[in-house]
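Me: I'd like to go through this one with you, a question at a time. Ready when you are.

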Amino acid sequence: MEQTFIMIKPDGVQRGLIGDIISRFEKKGFYLKGMKFMNVERSFAQKHYADLSAQPFFAKLVEYIISGPVVAMVWEGKDVVLTGRRIIGATRPWEAAPGTIRGDYAVEVSRNVIHGSDSVENGKKEIGLWFPDGPSEWKSNLHPWIYEV
Ligand code: UDP
Ligand code: MG
């Protein structure tokens, strides 16, 4: 099944949103396949956001990501990349619908609480970067209650 990389950014950790965020993905019917509470090095943050290195906000973005611990996760489920992005909401919190994580909890684009992979391909890349030993393998006994197959 499809997997995505989700990271609770330092503001989400500081503001005590970890439990709520995990709960939203859990209750939806996605499976947690990896989780690490960690501080990231500057060079690692630069690598994670390498595609944005030409953007004017890149340096500030990297400072933000290394400003405190983050929660790095792998979530699995049907269409989890796209659905995960919809649970997270638009990049700019003022455009994020109420009911989404950013719509409910964020004001500034530079303090938008959470990251989620934007494609299946980037999800694989990000999971490889953050979880070089690979995610965990387990199967929920509730699976047939959530999924038809
Ligand atoms: N960002 C920012 N200013 C901007 C655009 C983006 O600080 O004008 C930050 C913001 O934290 C965003 C991250 O850069 O989440 C990555 O940008 P991207 O366009 O990939 O948005 P995302 O995929 O996180 O929705
Ligand atoms: Mg992105």
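Reply: Helices (H or I, at least four residues) and strands (E, at least two) are DSSP runs, numbered from the N terminus. This is a predicted model, where local features need pLDDT of at least 70, side-chain atom pairs count only at pLDDT 80 or more, and totals for chains, interfaces and linings use all residues. Residues are numbered from 1 along each chain as its sequence is written, chains are lettered from A and ligands numbered from 1 in the order in which they are written, and side-chain values use heavy atoms, with hydrogens and water left out.

Me: Which side chain does the side chain of Glu 76 make a polar contact with?
Reply: Glu 76 sits in strand 3, residues 70-76. Glu 76 counts as buried because its relative accessibility is 11% (buried is under 20% relative accessible area, exposed over 50%, partly exposed in between, with a 1.4 Å probe and protein chains only). A polar contact is a pair of N or O atoms within 3.5 Å; within protein, one must be able to donate a hydrogen and the other to accept it, and residues adjacent in sequence count only if both atoms are side-chain atoms. At 3.0 Å, the partner is the side chain of Lys 33.

Me: Is His 115 buried or exposed?
Reply: UniProt lists this residue for "active site" in an unreviewed entry, and such annotations may be inferred rather than shown by experiment. His 115 lies in strand 4, residues 114-116. Its relative accessible area is 10%, so His 115 is buried.

Me: What relative accessibility does Leu 142 have?
Reply: Leu 142 is in the loop between helix 7 (120-130) and helix 8 (143-146). With Trp 145 and Ile 146, Leu 142 makes a nonpolar surface patch of about 400 Å². Leu 142 counts as exposed because its relative accessibility is 52%.

Me: How far apart are the end C-alpha atoms of residues 1-138?
Reply: UniProt places "domain: Nucleoside diphosphate kinase-like" there, from an unreviewed entry. Over residues 1-138 the chain is 41% helix and 17% strand. The end C-alpha atoms are apart by 12 Å.

Terms used. Patches are made of residues with over 30% relative accessible area and no salt bridge: like charges are joined within 9 Å, nonpolar side chains (Val, Leu, Ile, Met, Phe, Trp, Tyr) within 5 Å. Accessible areas come from the Shrake-Rupley method with a 1.4 Å probe; for residues, only the protein chains shown count as cover. A salt bridge is a side-chain nitrogen of Lys or Arg within 4 Å of a carboxyl oxygen of Asp or Glu.
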